[in-house]
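I opened this notebook to keep track of what I looked up, one topic at a time. The entries below follow the order in which I went through the chains.

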Amino acid sequence: MKKSAFVLLVSFTLWSCTSDGPSGPDADDFDREAILINWADHIIIPSFTSFAESSAQLQSDAFTFAESPTLQNLETLRNSWQSAYLAFQHVSMFEMGKAMGLRFRDNLNIYPTDTGEINENIQEGNYNLELPSQSNSQGFPALDYLLNGLGENDTEILAFYTTSDNSDAYHTYLADLTSRIHSLSNEVLTDWTSGYRDEFVSNSGNGANSSLDMMVNDYIYYYEKHLRAGKIGIPAGVFSGSPLSSHVEALYSKGFSKALFNEALDASQNFFNGTHFESDGSGESLGSYLDFLNTMKEGADLATLIDNQFDAAREKAELLNDDFSAQVESDNSLMLSTYDELQRNVVNLKVDMLQALNINVDYVDADGD
Amino acid sequence: MNLSKLLLFALPPTLLFSCDIIDNNADDFEVPPTYEFTRNGESTVSFSGQTTRIKMGDELFLAMSDFNNTTEELLLQMYRNQADDGTDVDPFSDPGLNASDKSIKSKVAASRDYFSTNVSLSAEIKNDFETWLSGQVNDVFPNRNQLAEPGVAGQIADGSGERYINAQGLEYDQMVNKSLIGALMADQMLNNYLSPAVLDEGTNREDNDAGVTVEGSNYTNMEHKWDEAYGYIYGTSEDPANPNSTIGNDDRFLNKYTGQVSEGEDFASLAEAISEAFKLGRAAIVAGKYDVRDEQAAIIQGAVSTIIAVRGVYYLQAGKRQIEAGETGSAFHSISEGFGFIYSLQFTRVPGTDQPYLAHSEVKQILNDLLGDGENGLWDVELSTLDALAEQIASQFDFTVEQAASI
């Protein structure tokens, strides 16, 4: 009894400071389906389509390199690895439906990758990449190690694929990893285009199991755990106390972590604004929903605040070295100040936006054992 | 008794402290600011045996998931600290533990009040742990590189990591870890060392009144028994005299979950209530105030029992939420932890009685129900079952399912 009164009081108080109160527009009057359609048809499916294409190219170039491991083919393969990794930044946040069932993001992008296990897989051969315990020995980070991290220079790296005793095993592992990325991406895309899109769009009500509530939760979870923490906070030592320069994304490429971060930041901002994939067009979005509700925070328009905060984070990140690992080691304070800018939008999104949209957070931190 | 327990839980720690002062006035004895007691300038506090057993439990738990080095024989030796034939063995990595003649098994389900005249149940419980240890090596280890499915042991994803489960969906290492909280820590503390049957055994009262110390030691027998209870929760504390500064971070057993449960707003006073009661009770022993001592023991019994129950209910509800979200592996992990806390309920103690909050038979019924919705245990468990069992547990205590679930 005491507790329910407290909750009532809190929700009433919060309500009164983040919107103009019960007399303003009702969240339920907004056409939620229009947002879902814009997301599905102009952002999600085009992003997965693009990713499936670039992962097909990645697989094809890996097979070519395996057949003919020349420096030129290695460089081609590295380029398609970069393109596919960038394209992945546009789909990583959509961990729902088939992607959730496949543990799509975990299979494609757990870093740091487990180089010990990768080497063991290559030596012994009898690995099963579908096992959860193999998540950290596959995907883009494992390819990063295989293409950029096996040796000090290109000659040393190429030797693993040409003159080493088990060069065949290296070819096979490259082929297996790229094939798996390609098949997983196809599976998710096919699911979206063969039924899930309609299911997603028609589930347009409100409540914890509605598409909007689930998507918004997945989006904020991605922003908080994978963009803010994974790409910046963890290597900067925000959670461990001391910096961990080996925990950056694309560690072995030495100079690609910033590009991946920027791509992910763009994708997150575009999603918020409803900006169409690889186009200047836009449609209904979280931003327009907040505008519809006239949501204000401390006298300012919340949607504008959030959009500007994305820009502020990007601006802060411009100062960073292309290689975050080098940045952590030379001047970690710049990483920390980028983290601070990212964190400001966690509050805007997770507290202010969710209250205005009347959406509950559906995830909690695990207790760690 | 019931009234004082309720009051303690309701009052903030600062007010709790004033209770001490009232007691001081009434009974006129000195209570030190921290758990430090001396005789002739030397400390009288000792609980090294408890520290040893907590550390043994820690190594045992870690060994259960060390696929490359662990054998069934090793786990059983760690549990018994001796070989099959009773000869001495060195199964631990810490030489101090190998040198010890103590073991986990000898103190599992071994309290004076509950098991001294019920050795058949004691043996059954001791054997449960051996069954789980053997199952880990014989059922789970061979399938570690196989995806688990209903009726088949193997690995299952939990977030970005993986868990290793048996054919019923249970994690043996979690069952051992959490069940020891009841079978070892709570049972020894609540039903043995805090019991008048142990504290007042033989000439303990006369000796304590006269300041007669145990031969070769600086403490009286009664002082030492009380300290041994203390050691089962604070035995690996960073600063055992002031244990709440790191409560929750000092072990993976009772200390850890006292800290975690006390983070909930409805249970925030529990950690403080337990440490204050231990301190006041110990001071009462020094002063020969045995009624005050027993009041404090009752507070500890109620609070520690509550912590175990809250955590059991919490994990059932966490598992329910995770199943609803499609997070099967996370749900099985939560419910495996819950299994251990529920198992531990048979070692709880209703203050002022000689009974647990849930008897052995009730605990067995709950665990059978938990695994009984289909032939494959947790793979078949229904949400309504998780709710019903959580209600059944909470109804025996002064908290609701919602309060426990919201920590």
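Entry 1: Before judging any position I noted the cut-off: a residue is buried if 20 or more other C-beta atoms lie within 10 Å of its own, exposed if 12 or fewer, and partly exposed in between, with the C-beta atoms placed from the backbone. I also noted that I am working with a predicted model. I applied the cut-off to Ala109(B), which has 27 C-beta neighbours inside 10 Å and therefore counts as buried. I found Ala109(B) in the loop between α5 and α6 (112–115) of chain B, and its phi is positive, about 45°, although the residue is not a glycine.

I then turned to Asn81(B), whose place is in the loop between α4 (72–80) and α5 (95–99) of chain B. Asn81(B) is not a glycine either, yet its phi is positive at about 50°. Is Asn81(B) buried or exposed? I found 23 C-beta neighbours inside 10 Å, so Asn81(B) counts as buried.

Entry 2: I followed β3(B) into β4(B) and saw that the two strands run antiparallel, joined by five bridges. In this pairing I found Gln155(B) standing opposite Tyr164(B), which belongs to β4(B). The hairpin has two residues between its strands, and there Gly159(B) takes a positive phi near 60°.

Next I looked at where the chains touch, and I noted that the contact takes 12 residues from chain A and 10 residues from chain B. Which element gives the most to the side of chain B that touches chain A? I found that it is strand β3 (residues 154–158) of chain B, with three residues. Sorted by class, that side of chain B has six polar, three nonpolar and one charged residues.

**Entry 3: two helix pairs in chain A.** I took helix α7 (residues 139–149) and helix α9 (residues 167–202) of chain A, whose axes come within 10 Å and cross at roughly 155°. Angles over 145 degrees count as roughly antiparallel, and α7(A) and α9(A) are therefore roughly antiparallel to each other. Their crossing is left-handed. I listed the residues that make this contact: Gly139(A), Ala142(A), Leu143(A) and Leu146(A) come from α7(A), while Tyr173(A), Leu174(A), Leu177(A) and Ile181(A) come from α9(A).

I then took helix α13 (residues 302–317) and helix α14 (residues 324–357) of chain A, and their axes come within 8 Å and cross at roughly 165°. That angle makes α13(A) roughly antiparallel to α14(A). The crossing of α13(A) and α14(A) is left-handed, and by class their contact has 11 nonpolar, five polar and four charged residues. Among the residues that meet here I picked out Leu305(A), Phe310(A) and Lys316(A) in α13(A), and Glu341(A), Leu349(A) and Met353(A) in α14(A).

Entry 4: I looked up Asp307(A), whose place is in helix α13 of chain A. With 17 C-beta neighbours inside 10 Å, Asp307(A) counts as partly exposed. Which residues does Asp307(A) touch, not counting residues up to four places away in sequence? I found Gln269(A), Phe272(A), Asn273(A) and Gly287(A). I also checked Leu251(A), which is 56 residues from Asp307(A) along the chain, and the C-alpha atoms of the two are separated by 30 Å.

Asn73(A) sits in helix α3 (residues 71–88) of chain A, and with 18 other C-beta atoms within 10 Å it is partly exposed. Leaving aside neighbours within four places in sequence, I found Asn73(A) in contact with Thr64(A), Phe65(A) and Ser68(A). Asn73(A) and Ala62(A) are 11 residues apart in sequence, and their C-alpha atoms are 8.5 Å apart in space.

Last, I noted a cis peptide bond joining Tyr111(A) and Pro112(A), with omega about 0°. I placed Pro112(A) in the loop between α5 (104–108) and α6 (115–124) of chain A.

Technical notes. Residues numbered from 1 in each chain as written. Chains lettered and ligands numbered in written order. Predicted model: local features only at pLDDT ≥ 70, side-chain atom pairs only at ≥ 80, totals over all residues. Contact = placed C-beta atoms within 7 Å. Helix = DSSP H or I, 4+ residues; strand = E, 2+ residues; numbered from the N terminus. Nonpolar A, V, L, I, M, F, W, Y, C, P; charged D, E, K, R; others polar. Pairing = 2+ DSSP bridges. Axes fitted to C-alpha atoms, helices over the stretch in contact; angles between N-to-C directions. Parallel < 35°, antiparallel > 145°, perpendicular 65-115°, else oblique. Left-handed = near helix turned anticlockwise from the far one by under 90°.
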